[in-house]
Amino acid sequence: MKNISLFFIGFLLTFTSCVGDDFLEDFVNESLRITSSIDSIEINTTFQFEKMFLNNIGQEETANVTWSSSNTDIIEIDQNGLATAKQKGAATISVEFETDTQTLKDEVTVVVGETTVLTQNRIEGRVETTTFYDLAGDFVYYEDGDKILLEFGEDYIASNRLPGLYVYLSNNKNSVAGAFEIGKVTTFRGAHTYELEGIGFNDYKHIVYFCKPFNVKVGDGTIQE
Amino acid sequence: MKNISLVFIIIIVFSTFSFAGGPWPQQKGKGYFKLSEWWIVFDQHFTDQGLIDPNVTTGIFNTSLYAEYGITDRFTTILNAPLLSRNFMNNLRSATTEDIIVAGEAINRLGDIDLGFKYGLTKPGAKIPIALSLILGLPTGTPVAGELNNLQTGDGEFNQIIQIDAGRGFNIGKTPAYISAYTGFNNRTKDFSEEFRYGVEFGLGLLNRELWITSKLNAVESFKNGATAETVTSTSIFANNSEFSSIAFEASYYVTKKVGISAGVAGAFRGEIIAAAPSYSVGVFLDLSR
């Protein structure tokens, strides 16, 4: 009896596998960018610039950056990114960060005028499949007042055979780690729009379609390089 | 609409085709019993276009009891019970940082039990025996489990398969052999698509019938009349409308007159929403019909 018990225990253990590891190639170049979108600052007022440093997997990290202005007579900026518009004209606002291996930099040109004008951003692009499942469509990612909208056109198509297809905004087109989950895909053909809340327009670089049950990316589109 | 992921489709594909094979019912009071381990580990699958895409490494291990018992010479009851079904998915880690992106999981549960009844439409000893089978796929497994709801040991729906088998035994020289074919219809509940099933099996008895080599061709064609992600708005995960063609080989060796061991391999060579990897099985059986 003991031998039979040992046989069955061994039988079960032999075929009971442990959870292992799969590895996702998710390296991206580190980047630094100014996420504030502004065309002009009203003279004698201030504006808080925001920046984002993304590490080598596209995740945001804190960074001790250096802010500077090309013309401090027009715009002065402190090391917290708070800009003061001093006189009419244009100046380039720069932000820099030195990593262990490189110096990252981004800059925007801003006008000082009678009023503060925030940029109404609008980016057009296209999502494409990266697998053998159907996924394609032109999109417009834009601001409408306080809203951020992601709008797909009539040419959009996605396979309805995949279980659990989700759409994300991510800073790594191969990964949804730390990504913003827009939601489960419920429209598989034709025009539709997502209204996005709780994010900034420049917070993400890519649209990523991801199948949760299979844990694989299905397609992507680029918002900004 | 209940959940069904890629995981369970694989179970359906490669396990239930060992079920109720052939048009030969057991003799009254005779039976065939088998304890087996069946498993598959795969990291790619056939897409809805029949092409191969990757997926996170997934594994299924079923410890099953299979039994056929003759109530009469023409009426046999059949049981296929995955007593322990283990389903796991690997961790998905960053190759850059090695941090976990999506944590892997595993469950160990009872699987979906199949209960079958086979009736010989022809008398025992007929030259071309024909049998009719009713197979009931009972939703005894777990259709949803795990943090992401993507583990399961059953589909949560009730399969009702009507199947007709015909075959013939013959000799190749002095070597006994048989060939059989079947066709069936699977009526499914809860918005799963109905299926048309068919296949052929060839067996060869070697070493004075102590070693049987069998090969099977099985296919499922979906009616594609069930739900899709487009028609279901719940947050459940599922795949439906799967279909495939698979080939299987099995060797069964009688260690004694009635007790034997078996080993098999099977895999889909065409499919939609189905694992693209071979499955394996080993077992110990008791054949009271000899």
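Colleague: How many bridges join strand S13 (residues 122–129) of chain A to strand S14 (residues 135–144) of chain A?

Modeller: This is a predicted model, in which local features need pLDDT of at least 70 and side-chain atom pairs count only at pLDDT 80 or more, while totals for chains, interfaces and linings use all residues. Residues are numbered from 1 along each chain as its sequence is written, and chains are lettered from A and ligands numbered from 1 in the order in which they are written. Strands here are DSSP runs of E with at least two residues, and helices are runs of H or I with at least four, both numbered from the N terminus, and two strands pair if DSSP finds at least two bridges between them. S13(A) and S14(A) run antiparallel, and the number of bridges joining them is seven.

Colleague: Which residue in S14(A) does Arg122(A) stand opposite?

Modeller: The two strands are linked by a hairpin, with five residues leading from S13(A) to S14(A). Within this antiparallel pair, the residue of S14(A) that faces Arg122(A) is Tyr142(A).

Colleague: Is Gly125(A) buried, exposed or partly exposed?

Modeller: Gly125(A) is found in strand S13 of chain A and, leaving aside residues up to four places away in sequence, touches Phe139(A), Tyr141(A), Gly221(A), Thr222(A) and Ile223(A), a contact requiring C-beta atoms, placed from the backbone, to lie within 7 Å. A residue is buried if 20 or more other C-beta atoms lie within 10 Å of its own, exposed if 12 or fewer, and partly exposed in between. Because Gly125(A) has 16 other C-beta atoms within 10 Å, the class is partly exposed.

Colleague: Which are the edge strands, each pairing on one side only?

Modeller: The open sheet in question has three strands of chain A in the order S2-S5-S6, with antiparallel pairing. The edge strands are S2(A), at 31–34, and S6(A), at 60–61.

Colleague: What radius of gyration does chain A have?

Modeller: The C-alpha trace of chain A spans about 95 × 45 × 25 Å along its principal axes, and 34% of its 225 residues count as buried. The radius is taken over C-alpha atoms, and the globule rule is 2.2 Å times the number of residues to the power 0.38. A compact globule of 225 residues would come near 17 Å, whereas chain A has 24 Å.

Colleague: Which strand of chain B gives the largest share of the side that touches chain A?

Modeller: On the two sides of this interface, 45 residues of chain B are in contact with 36 residues of chain A. The elements of chain B that give two or more residues to its side are S1(B), S2(B), S3(B), S4(B), S5(B) and S6(B). The largest share, eight residues, comes from S2(B).
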